[in-house]
Each structure stands twice: as C-alpha cells, then as structure tokens.
Amino acid sequence: MAGPDDSEYEVGPRPDGPWGFERLMAAGDAVADTPDWPFGGSSATRDRWAEAPADDWRTARVRRPAQFAIIDPSSTAMRSTATKAARSRARAGVARIARIRPRAAHRRAEVDLTRVLPRYGAMHMSHALATDWLRSGGVRTKSTGNCSSKHVHHCTSLDSVRTGTIARMIELKRESGCPIMVTGGTEAGHASGQYSHGNGYKLDISHNGCIDRHITRNHAKAGVRSDGSRLYRSGSGTIFADESDHWDILFR
C-alpha cells in the first residue's frame, strides 16, 4: 500500500546541516547563545522563514495548554496536610457524630426530681406533660367522666398544675412504694382559695391500705379540718386531709 505524499505533512523547510533537535542536544545549556536557533546556518533558509506571513500558523507562538499549567508545590502540600489532619481527627473521635443506641431510644424517660428546683416548682404544666410525668413515675390517673377538661367538674384535669406539685406526688410514690391513683386535679368543682386545686397546689388520690398506712404512720398528726377530715403533715410541709373517699393533698 502506497504511503501518503510527504509534501502534505511538511510544516517547514528543512534546515541545512544538522536537524534542529540534534543541534539542540549538542548545544545543551548553551542553547540561549545560539542566535540562529531553530534555523539552519543558511542565510536563504533564515530569509525564507523571516518572509513568512504574520498569520502563518508555523510562526505562531505556542501556548501552554491549561492542563499543563504549573502547580505550586507548596499549595499542594498544604492541602494534603489539611486533608490528613481532618482524617486523623475523625479517626481519633474528635469529629465523630454521636449515635443513638436503639434500646436507649425506646427506653421510657424517668423524671429527675433533683432538676425540679424551687424556682421552677411554681411553673405551670399542660395536662399532657403532667400526665406523662406521672406515668413515667409510676403514678396513674383516673377520670369519672373519662375526660380531661378543666371546666367540667366530673373530669380529671391537670391543666395548669404546678411543676412542684407533680414532682412531689412522684416523690410520694417513690417513698411509699404504694400504688397511687390521682382522681382530682385542677378541674372545676373544688373549693377556691390561694392554695387550691384550681391554682395547681392540690391533688386528690384514692384510698388504699398501703398508702393509708404510709401517711398515718410516717407523718405527724396536725388536727382536724373544719369539715371533720383528719390532717397529717410531713416534714417538708405537705398536708394530707383524710376525706371519706380520697386523700386531699396540699403540696406547698
């Protein structure tokens, strides 16, 4: 098969004498002192290249492609050092994200009574939050009308109850170890006053043998109320009134 015509690929005249590459290799570091590089020694050859048109691609200045741009080694080293430092921190646990254990996520939260400081005890709670606190502390609630409206007397509502009241009820449960059922809260139908059910200071719990013994044996007698209910007072100031069908407890 015949090859292509060499004239189609000729990009310039061949200089007289050695090829340009050979002369470059021979010159070595002294190539800057070779005035006729890359032309040959013939004056005719130099004239031919000098007369070439200005827009001739053969005389155009060669530009360095973008992919061969010079990269500063110091900047590369800095990026490499920063990447290694970040990886080392991740291995050491500095940048590690905490993981939630599956069992801890489903574990029922417990009320920490030590966090209920006196200044927070006067804060009022919603019915849902108060119920959750009591349930987490093992205290149950019961409503005669199966409702939780604060404005209906046969409901059991804990809306606007004081935080300290709920915390002390849970403390009573833990101290006694008895089952406790809350039957009255802040709903309508109770006596009014500063330290009343409506203001979130009092709760009613049903009678049972365990809690009756705990209250009467571990708290001092404090007389009899105007309605005939016997009173017992704890060392912290809690007053228990023994009514006919429930305990009326004032947490102050």
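Contact here means heavy atoms within 4.5 Å.

**Figure 1. The whole chain of a predicted model.** Eight helices and nine strands make up the secondary structure of the protein chain. The chain has 252 residues, and 29% of them count as buried. Among contacts with a separation of 6 or more, 59% join residues 24 or more positions apart.

**Figure 2. Helix α6 packs with helix α7.** Helix α6 covers residues 127-136, and helix α7 covers residues 163-176. Their axes lie 9 Å apart, at an angle of about 15°. The two helices are therefore roughly parallel, because angles under 35 degrees count as such. Their crossing is right-handed.

**Figure 3. Side by side: the residues where α6 and α7 meet.** Helix α6 contributes Ala 130, Trp 133 and Leu 134. Facing them in α7 are Thr 163, Ile 166, Met 169 and Ile 170. Six residues of this contact are nonpolar and one is polar. None is charged.

**Figure 4. Asn 146, a residue with positive phi.** Most residues other than glycine have a negative phi. Asn 146 is not a glycine, yet its phi is about 55°. The residue sits in the loop between β2 (140-141) and β3 (161-162). Asn 146 is exposed, with a relative accessible area of 73%.

**Figure 5. Ser 160, in the loop between β2 and β3.** Phi of Ser 160 is also positive, near 70°. Ser 160 is partly exposed: its relative accessible area is 23%.

Note on methods: Residues numbered from 1 in each chain as written. Predicted model: local features only at pLDDT ≥ 70, side-chain atom pairs only at ≥ 80, totals over all residues. Heavy atoms only, no water. Axes fitted to C-alpha atoms, helices over the stretch in contact; angles between N-to-C directions. Helix = DSSP H or I, 4+ residues; strand = E, 2+ residues; numbered from the N terminus. Parallel < 35°, antiparallel > 145°, perpendicular 65-115°, else oblique. Left-handed = near helix turned anticlockwise from the far one by under 90°. Nonpolar A, V, L, I, M, F, W, Y, C, P; charged D, E, K, R; others polar. Buried < 20%, exposed > 50% of the residue type's maximum accessible area, 1.4 Å probe, protein only.
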